[in-house]
Amino acid sequence: MGKTKHTGPVKLPGRPDPKLWVSKMPFGLGKVKPHHIRDTLKVVAENRDNLPYAYRILTQGVCDGCALGVSGLHDRTLAGPHVCTTRLNLLRLNTMPAIKPDVLHADIDELRKHDSAALRKLGRLPYPLIRRKGERRFSRLSWDEALDLIAARIRAIDPKQLAFYLTARGITNESYYAAAKAARFLGTNNIDNASRICHSPSKTALKRSVGIGASSCNYKDWIGTDVLVFWGSVAANNQPVSTKYMYAAKRKGTRIIVINPYREPAMDGYWVPSIAESALFGTKLADDFYQVNIGGDIAFMHGVMKHWFDMEAAKPGSAVDHAFVREHANGYDALRAHAQRQDWAQLERSSGLTRARMTEFAELLAAAKSGVFVWSMGLTQHRFGTDNISQVANLALLRGFLGREHCGLMPIRGHSGVQGSGEMGADPFSLPGGEFKGMDIPRIEGVWGFPLPRWQGDIVGVTLENAMLPDDHERKLKVFYTSGGNFLETMPDPDFVRACLEAVDIRVHQDIVLNTSTLADAREAVVVLPAMTRYEQPGGGTSTSTERMVYFSPEIAGPRIEEARAEWAIYGDLASRVYPERAKAVVFRSAQALRSEIALAAPNYDGIQFLKERGDVFQWGGAWLCEGGVCPTRDGRGQLLPIELPELRKPEGHFYVTSRRGKQFNSMIYSDKDAFNGADRYDVLMHPNDGAKHDIKEGDPVVLYNASGTFHGRAKFASVAPGNLELFWPECNALIPKKVYEPHAGIPEYNAAVVLERADTYHALKDTRYVEKRIAELDHEADEEEGRHAST
């Protein structure tokens, strides 16, 4: 932990800089780009029935969108107001009225005609609901009836047959903590959260490499660092306010590098709406793009280190910060030997980049005095995600880019509540204050007042699979309690996921709106519980940003959904009904009482108990974790780890597919068109040369298929690394293999090898033997790869 405190927001320069303009044409007329003014007017129209309340949410509350930590219209990075389209798109979820009864209680098949976007627009959930097996409609329940029914079912099963899941949509630290405590009170460690399918490898890798589980630095460190590297992260699309930080960094002379298979237009140039110069003429963000193969990052980083060690052999100190490594890192000799053994030809094949490009990037980093490495799901959502992140940590340790100003490792979060989820214990591997293994569990038991289950809980993917176990199996999932989330649209192989959801006895959906998974059947009943938003919760709530800022978001006066309840209160009420004789240990009188207990249970959060008013905030861990290079590990040193190269060979004519986001927030889609490239949700982004090889012209119908499923789309030529395809998520989930998890962190694999063909060719030649032969080639290659991976 560091002693230096965050120094607060800085001002933007006043004078414009035409060298950074994308175009001299005002407002980017004629270019494919977001239309911020039009989109803002659309949001105003959507919220016209509740504009005063919407305005109070924007100006008083902490953003319930991305995890940049905007409180009201201000943050701790830059002076001046901030608002983004992500936050504006989410606004209607907080202001809309309840679903009309005739719609809510319509025949289930009528509701199933709607996709999740249409279901959201129906309105808020007004009161508890139930749909029993064989029933065609939801019927109304009282809160007592609903919670007593769930409690009775929980009492009747083994705790290992009970599981909880919390998404990150606006959920507060208080709700995560109450859920984590209630789950253990009920005897289960099967509790997980949205970071499992987003950033779990980040935490796992950072823990093993440098002993931390969060960003080591701040957004302010972007501004003035020599080099700012975005690895598999399209922050301009997913965290739009960050473009303002990038603008400020560019004005300070920072070089911005993007490493991604696709030359993302949003990172190439952006029109920042809250900066007049940028709103008019746009801002060139990225100085260069390194278009690696999907899964080629480890090879690329090996190439960087291999060249560094060549530089060191010629001139010691030219690439490695030896003083930093000597004082603060272990494993230098082993890493050097491992990197030097790598073959350049193999690194080029795997990374998709030439040796010249790898050495060019290596020399850029070697010349930099400071650097910040930012990454997201482009690095984490692989079966080797933890290794990806440890490889990034290797680069930072070798250059000494850790624990000081303008340096650091940053897994940028996509949701406002997700950083606090594991820190509050809503994770099968975590408790408040640390990891489940190696933690002083009796200390937590003393705070909580009851014994904890000591068996290892399951990650959410395995939890879903457990629904398919025999009824008498001790881990057969029988009661599944989800706060938000839609696994039909977030997990690989949606058909299999639906079968899992429908194999659960009682499924509970605690949420603010309906989604498609709420409408799936269950063996006994589906129970729906209406939750409050963070702005409605009595006593307010807190959320933790990417940079470890803990913000207080007050309760905001406005209309209320009459029977909606604070999520943290629901968990306590349910648990107390299961074991009423011990209810005192799990029920909280107020949000303030909850925060006071969090401060005791999670030492890093000592200070949360003082957050009571709008604008209150503190940062745990200081400005920089690992300050001065001292890591919170046993010996205070980071670990340089030799990372094995994942082999990515594929048969001729086959491609790797990865997913990308369009105009959406997580799986919540707001437009069928991507505002940055004009692509449709079923467009297949591909390099023109790949199209020519397969006699595919732009706009041609194409089919992608593998053993997992089939995807029908249209070819759209784009600047994508050859041999790679990008599809929109979650539409592409049918191609993603089920039951494939990263071994260290348990994140699902969200990439796949596929066959790509013109649609007319596919349908003309589609006989069983043909398709099976092409899929068999993929399976054989996958088996070889799995064997190589296991042997390492």
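**Close-up views of a predicted model**

**View 1. Pairing of strand E11 with strand E5.** Leu228 has Val372 of E11 as its bridge partner. In this predicted model, strand E5, spanning residues 227-231, and E11 pair in the parallel sense over 5 bridges.

**View 2. Pairing of strand E11 with strand E12.** Strand E12 covers residues 408-411 and runs parallel to E11, to which 4 bridges join it. Within E12, Leu409 stands opposite Phe373.

View 3. A search of the whole structure finds 0 disulfides. Cys66 is in no disulfide, and the nearest cysteine sulfur, that of Cys84, lies 5.2 Å away. Cys66 is itself buried, with a relative accessible area of 4%. For Cys217, the closest cysteine sulfur belongs to Cys407; the two sulfurs are 8.5 Å apart and therefore too far for a bond. Cys217 counts as buried because its relative accessibility is 0%, under the 20% cut-off.

**View 4. The annotated segment 656-752.** An unreviewed UniProt entry lists residues 656-752 as "domain: Molybdopterin dinucleotide-binding". In the model, the chain over residues 656-752 is 6% helix and 33% strand. The end C-alpha atoms of this segment are 6 Å apart.

Notes. Residues are numbered from 1 along each chain as its sequence is written. This is a predicted model: local features need pLDDT of at least 70, side-chain atom pairs count only at pLDDT 80 or more; totals for chains, interfaces and linings use all residues. Side-chain values use heavy atoms; hydrogens and water are left out. A disulfide is a pair of cysteine sulfur atoms within 2.5 Å. Buried means under 20% relative accessible area, exposed over 50%, partly exposed in between (1.4 Å probe, protein chains only). UniProt positions are given in the numbering used here, feature names are shortened, and annotations may be inferred rather than shown by experiment. Helices (H or I, at least four residues) and strands (E, at least two) are DSSP runs, numbered from the N terminus. Two strands pair if DSSP finds at least two bridges between them.
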